[in-house]
Amino acid sequence: MNEKKILAVIVTYNRVNDLKNCVNSLRRQTYKYFDILVVNNGSTDGTKEFVDSLEDIIVIHQDNLGGAGGFYAGQKYMMDNGYEWIWMMDDDGIAENNQLLQLVEFTNSNRQNLFVNALVVDKDEHDSLAFHSNGMSKNELMKMESYDGFIHPFNGTFVNRKVFETCGLTKKEMFIWGDEIELTMRFAKAGFKATTVCHAIHYHPKEKGIKKPLLPGIMNRTLLIKPKKFSKHFYRNLGYIHGQYFHDKWYKGFKPMVFYSLFFMLRLDFPEAYKVLNYYLRGMRNDYSEA
């Protein structure tokens with residue numbers, strides 16, 4: 001087996017108990033040839049004291065720059081320090097003991113695959129997947145070695161440095177909710193297909209946010225409603241993705257803005273509807289200023 005120079009990156013913010021479980025899952029990996037980096041996004045719950053006590057772990061302390069800023073910092077460290085691969089995850093995930101071994105063996109056997117992901121399983125119900133999977137069940141996917149066409153970064157995401165050299169790092173200004181989608185689309189545009197390695201298991205809580213129908217009883221379409229405290233990031237990132245990737249299908253790109261603004265207007269929540277329009281259009285212009 002070829003030994004790869006791998007950096008495992010965990011991004012954390014105020015979830016010290018989850019972080020401890022995540023770190024321990026990395027220490028239990030059957031494949032041992034990797035370093036661990038924790039990016040601490042300004043936690044105030046004892047995370048700093050915990051990670052500073054760990055002699056075998058690299059630590060970056062920074063202000064809370066969201067998941068996007070955290071993974072950007074991890075990717076930059078990986079590139080600056082000569083690692084060949086990066087293995088990324090949030091602090092609330094748990095890597096199954098053979099996950100890294102499965103990712104390494106798959107990429108050793110399939111050298112054209114430079115962007116792969118673990119199969120993301122519900123942390124509480126191990127027979128189910130944590131996120132949508134093109135209508136496929138966990139049992140169906142486990143019968144395959146790999147599946148092209150969907151992944152769920154950053155949950156056991158394994159990427160070769162050549163991909164970042166070609167495409168650049170995570171857009172750190174996106175903060176949360178959409179940065180991983182944008183990066184995946186950017187990679188795909190450059191020809192790096194995404195592949196799920198079905199026997200590399202990553203446990204993660206189900207998708208955050210509440211799904212609500214656009215028009216109850218009339219339209220079956222549901223929308224994922226994000227907490228209002230940070231929803232501007234979600235709307236702006238949707239707009240940015242539209243502006244970058246839907247030039248030839250502008251009508252498809254505008255759908256999220258129309259559906260979300262309509263959702264809030266129908267519920268007489270005009271401030272949130274205005275926020276949708278304002279930040280979506282700012283995202284289309286790549287305006288990430290806070291003015």
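Two strands pair if DSSP finds at least two bridges between them, and strands themselves are DSSP runs of E with at least two residues, while helices are runs of H or I with at least four, both numbered from the N terminus. With that in hand, look at Leu37, which stands opposite Ile58 in β3. Strand β2 (residues 34-41) and strand β3 (residues 58-62) run parallel, joined by five bridges. Together with helix α2 (residues 47-52), β2 and β3 make a right-handed β-α-β unit; right-handed here says that, with the strands pointing away from the viewer, the path from the first strand over the helix to the second runs clockwise.

A word on what you are viewing: this is a predicted model, in which local features need pLDDT of at least 70 and side-chain atom pairs count only at pLDDT 80 or more, while totals for chains, interfaces and linings use all residues. Residues are numbered from 1 along each chain as its sequence is written, and side-chain values use heavy atoms, with hydrogens and water left out.

Now step inside. A nonpolar core is a set of buried Ala, Val, Leu, Ile, Met, Phe, Trp, Tyr and Cys residues joined through side-chain atoms within 4.5 Å; buried means under 20% relative accessible area, exposed over 50%, and partly exposed in between, using a 1.4 Å probe and protein chains only. The largest such core has 55 residues, of which Trp87 and Phe164 touch the most other members. Strand β1 (residues 6-12) gives the most to this core, with six residues. Apart from this core lies another, of 15 residues, including Leu223 and Tyr280. Leaving aside residues up to four places away in sequence, Phe164 is in contact (heavy atoms within 4.5 Å) with a group including Met78, Ile86, Leu183 and Phe187.

Next come two helices. The axes of α7 (residues 179-189) and α8 (residues 231-245) come within 10 Å and cross at roughly 10°; these axes are lines fitted to C-alpha atoms over the stretch in contact, with angles from 0 to 180 degrees between N-to-C directions. Angles under 35 degrees count as roughly parallel, so α7 and α8 are roughly parallel to each other. Among the residues that meet are Ile181 and Met185 in α7, and Tyr240 and Ile241 in α8.

Finally, visit some loops. Most residues other than glycine have a negative phi, and most peptide bonds are trans. Yet Asn14, in the loop between β1 and α1 (16-27), has a positive phi of about 55°. Phe175 has one of about 65° and counts as buried, at 16% relative accessibility. A cis peptide bond joins Pro153 and Phe154, with omega about -5°.

Technical notes: Angles under 35 degrees count as roughly parallel, over 145 as roughly antiparallel, 65 to 115 as roughly perpendicular and the rest as oblique.
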